[in-house]
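Good morning, colleagues. Please bring up the structure on your screens, and I shall take you through a few of its contacts.

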Amino acid sequence: MLFYLIEIVTLIAINVIFALGLNIQFGYVGVLNVGYIAFVAIGAYITAVTSLGNTENGFTQLYILHWNVPWPLPVLFGGLAAAAVGLLLATVTLRNLRADYLAIATLSLAQVLYTIVANNDSLFNGAQGLAGVPRPFDAQLADASQEVYGLVFLIIAVIFAAILFLATRQLQRSPLGRFMRAVREDEVVAESFGRRPLVARLAALGIGCFFAGIGGGLLIEYQTAFGSQAWFPLETFIIFAAVIVGGTGNNLGAVVGAAIVLVGINESTRFLPASIPSELVGPGRGVLIGVLLILFLRFRPQGLLPETRVRLYGRRIETPDNPELPTPPQTADATTS
Amino acid sequence: MTSVDDALLAVDSVSQNFGGVQAVRDCSFVVRSGHVTGLIGPNGAGKSTLMEIIAGGLRPTRGRVVLRGEDITGKLRSTVGRMGLVRTFQTARVFPRLPLMENLLIGRQVQRGESLARAWLPPLWRAQEDELRARAEELLEEVGLSHRRDALGGELSGGQMKLLEIARALMANPTLLLLDEPIAGVNPRLVDTVVAVIERLRGRGIEVLLVEHNLSFVGRVCSDVIVMAEGTVLAQGDLDTVRADRRVIDAYLGSA
Ligand SMILES: Nc1ncnc2c1ncn2[C@@H]1O[C@H](COP(=O)(O)OP(=O)(O)OP(=O)(O)O)[C@@H](O)[C@H]1O
Ligand SMILES: [Mg+2]
């Protein structure tokens, strides 16, 4: 039981990182990165190929780089690689990164990467993916029991999630965060005041993809394996569901959303009565998340924890339940009446 | 007559076509320093279109816009904004889900804490932030919105939004302020506030070009008036002079 609890909290911590990163893109600036899961995958694969070295850990698999850099560098490389790909995509798509263009570009990118990785054994061992990825402090904790190791990894994951959570909060309270919100609300006005909306969008894209990559790196280290089935492009929408249910634009909301949608719903299916055929469980989960998403968008679009304002004069201003106010991210177009 | 290159702002033979519609046609005028200039004319005369062109939102089909001797035709909005030319919109555009304070703070263009490297390190920007907040408080007071400080932009009334826009523009410390119908929808009591705000700008060296239909307001604040109709300039001068102009009477004021 305790072991199970440790596992749940570890998964929540990793998924919180995913939700925080997507929230920076979607919730703060209104950048619609529909291929988010691909950046998780980039982080995971790069972490693997920069830590596996030549050992192969008893598996026969093909992959690039064969580096073996000390932890936590592989995870950081994963984050940086994801951010780099995100920024590269942004510079190629240009067009001011308006929500609609970027959505198409990111979806295509995810699809293309997915196809390339799954069909190219020499990159990351094809569809089967990589296994035997070294876990942090493997050598030092070689004799530890599964529980003790689980606890160590839990602490690592929570530390990562906490650092990224605090960084996100600091970003939100900074003038850069305000600039991002302004671009989300009305980019024409932001431009009139000397800002270039592209800058805010690039920043959010880079930071969010970095988070995705870090989360992906931790995920592959935790599971020690990761393959194509883990990042089917549609998985992105489950992270979107987590952000929306938790509360778009709210960092605590991202935590709550990750716990409920990403981990809670997945785990709850473990306790289904055995009479339910297992081939119904996966699709059932998807239906459940879809229904939840529709209900929230219809009845509580601001999510469980609405976007709280940056503290002004020492107190918060909550978003009132005012249906007249547009919900974020109503991007981007010049909406003159 | 001031020449195009000496003027504060010169609009030189500007035309703007929207498909078949010619919203602005061969329009030329000069905005002189030291005046609050009013741009008046009937609905659809092309006033707002011209504002948009000046502020960099539109590249005119023909002609050029010169700001203090520098050609700014077709420059980006953000570039024009950074040159100190700041505007409000005919239909007020506030940030609906941001509190008034944040609405105002966006007004200041160069902020240390907006850089990706510094954002995470508050000590590097806190001093400027405190200064900006104090300034924003003053401006809220000045336009009579202090009592709504905790509201979100989208919760204001239409008239309050116009006042907030003016305050936000002033946060920028502009050198030239474009106001598109600043008192449309503003309660008559607060119109005096707007007049006072504009009058104070003179002393601070902030020039103003404003569009307005309310001629008594124009008479109170503007020392130079440009009349437009059908996309071109009919007359320029002080209000009484242009009011007496035959063509202005025919096109805009209607004969009594
Ligand atoms: N984006 C556009 N596309 C097509 N036509 C436009 C566009 N913008 C303005 N127009 C047309 O250009 C003409 C001038 O419009 P403009 O808004 O500049 O007038 P205005 O002088 O500001 O009028 P008002 O006093 O009613 O605000 C109008 O006929 C309008 O329909
Ligand atoms: Mg107009």
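Phe226(A) has a relative accessibility of 3% in this predicted model, and because the limit for buried is under 20%, Phe226(A) counts as buried. How far apart are the ring centres of Phe226(A) and Tyr45(A)? The distance is 5.4 Å, and the planes stand at 85°, so the pair is edge-to-face. Tyr45(A) is buried as well, at 2% relative accessible area.

A second pair joins helix H6 of chain A, through Phe153(A), to helix H9, through Tyr222(A), across 69 residues. Here the centres are 5.0 Å apart with the planes at 40°, so this pair is tilted. Phe153(A) and Tyr222(A) are both buried. Over all chains, the count of aromatic pairs is ten.

As to annotation, an unreviewed UniProt entry lists transmembrane regions in chain A, including residues 31–53 and 148–168. The model gives 61% helix for residues 31–53 and 100% helix for residues 148–168.

I turn now to chain B. Which residues coordinate the magnesium ion, ligand 2? They are Ser48(B), through OG, and Gln90(B), through OE1, at 1.9 to 2.0 Å. Ser48(B) lies in helix H1 and Gln90(B) in the loop between strand E6 and helix H3, so the pair ties together parts 42 residues apart in sequence. Ser48(B) is partly exposed at 24%, and Gln90(B) is partly exposed at 38%.

Finally, Arg93(B) lies over the face of Phe89(B), 5.1 Å from the ring centre.

Key. Residues are numbered from 1 along each chain as its sequence is written. Chains are lettered from A and ligands numbered from 1 in the order in which they are written. This is a predicted model: local features need pLDDT of at least 70, side-chain atom pairs count only at pLDDT 80 or more; totals for chains, interfaces and linings use all residues. Side-chain values use heavy atoms; hydrogens and water are left out. Donors are N, O and S atoms within 2.8 Å of the metal (3.2 Å for Na, K and Ca); water is not among the atoms, so sites may look incomplete. Helices (H or I, at least four residues) and strands (E, at least two) are DSSP runs, numbered from the N terminus. Buried means under 20% relative accessible area, exposed over 50%, partly exposed in between (1.4 Å probe, protein chains only). UniProt positions are given in the numbering used here, feature names are shortened, and annotations may be inferred rather than shown by experiment. Rings of Phe, Tyr and Trp (its six-membered ring) pair if their centres lie within 6.5 Å; planes under 30 degrees apart count as stacked, over 60 as edge-to-face and the rest as tilted. A charge sits over a ring if NZ of Lys or CZ of Arg is within 6 Å of the ring centre and within 35 degrees of the ring normal.
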